[in-house]
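Okay, everyone, let's get started.

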Amino acid sequence: MTVLPLIFTSGLASGINAYAVVLLLGLLGRFADTDSVPQALERTDVLLAAAVLFTLEAVADKIPYVDSVWDVVHTVIRPIAGATVGVLIASHDPGSLSEVAAGAMGGTSALVSHLVKSSLRMAVNTSPEPFSNIAVSMAEDLSVAGLVTLAIFHPWLAASVAAVALAAALLLVWLAISRIRAFRARRRERKAARAAAGSAQASP
């Protein structure tokens, strides 16, 4: 069961930025000589593809509303990536955890963290300025890098940190829902006000 915390943490991180997880795991496995990283993630073509996709995500994730569209597209991609990484890790250490269980854990943790991330970014997009998006995106990238690196060298500690972070994020989502509802209510009020003003001007 030694791979359990690594699968959970990598899955959770994949829900935030799957390409960063694949890229970091591959680089750590290739250059840090870590035994827990599957060789499939260390391949040059995998690293190059992950680097290109990570660069695209790094740009899209910092643009208001574009980030939310990107998240919608990745609702399927991130859980699949989390499940795939989980299966690869389990197959790299036969007998520690079945590949089916590893895929389920990686995919589920990725889906939960993805939904949390998407909800929080929708709340951030209610802010009129773009700087909050950039700050949140950078914080997400740094947290993924920190969690994945910690998971390689101290897997149980990383899993504990990831679990606490996920619980805190779920609380933030609950708070963000009220902000999103308030934002939509204000937008409906503005539309109604403009409609009323247009009707008043059209009247003789």
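I'll talk about salt bridges, then about a charged patch.

Quick housekeeping: this is a predicted model, where local features need pLDDT of at least 70, side-chain atom pairs count only at pLDDT 80 or more, and totals for chains, interfaces and linings use all residues. Residues are numbered from 1 along each chain as its sequence is written, and side-chain values use heavy atoms, with hydrogens and water left out.

So, how many salt bridges does a search of the whole structure find? Nine, where a salt bridge is a side-chain nitrogen of Lys or Arg within 4 Å of a carboxyl oxygen of Asp or Glu.

Take Arg121. One partner is Asp67, with the closest N and O atoms 3.1 Å apart. That pair links distant parts of the chain, 54 residues apart: Arg121 sits in helix 4 (residues 99–124) and Asp67 in helix 3 (residues 66–92). Helices, by the way, are DSSP runs of H or I, at least four residues, numbered from the N terminus.

Arg121 also meets Glu140, at 2.9 Å from N to O. Both Arg121 and Glu140 are buried, meaning under 20% relative accessible area with a 1.4 Å probe, protein chains only. Shared partners join Asp61, Asp67, Lys117, Arg121 and Glu140 into one salt-bridge network.

Now the surface: a patch of positive charge there includes Arg184, Arg190 and Lys191. For such a patch, like charges are joined within 9 Å, using residues with over 30% relative accessible area and no salt bridge. Arg184 belongs to helix 6 (residues 155–202).

Methods: Patches are made of residues with over 30% relative accessible area and no salt bridge: like charges are joined within 9 Å, nonpolar side chains (Val, Leu, Ile, Met, Phe, Trp, Tyr) within 5 Å. Accessible areas come from the Shrake-Rupley method with a 1.4 Å probe; for residues, only the protein chains shown count as cover. Lys and Arg count as positive and Asp and Glu as negative; His and the chain ends are not counted. The place of a charge is taken as NZ of Lys, CZ of Arg, CG of Asp or CD of Glu. Helices (H or I, at least four residues) and strands (E, at least two) are DSSP runs, numbered from the N terminus. Buried means under 20% relative accessible area, exposed over 50%, partly exposed in between (1.4 Å probe, protein chains only).
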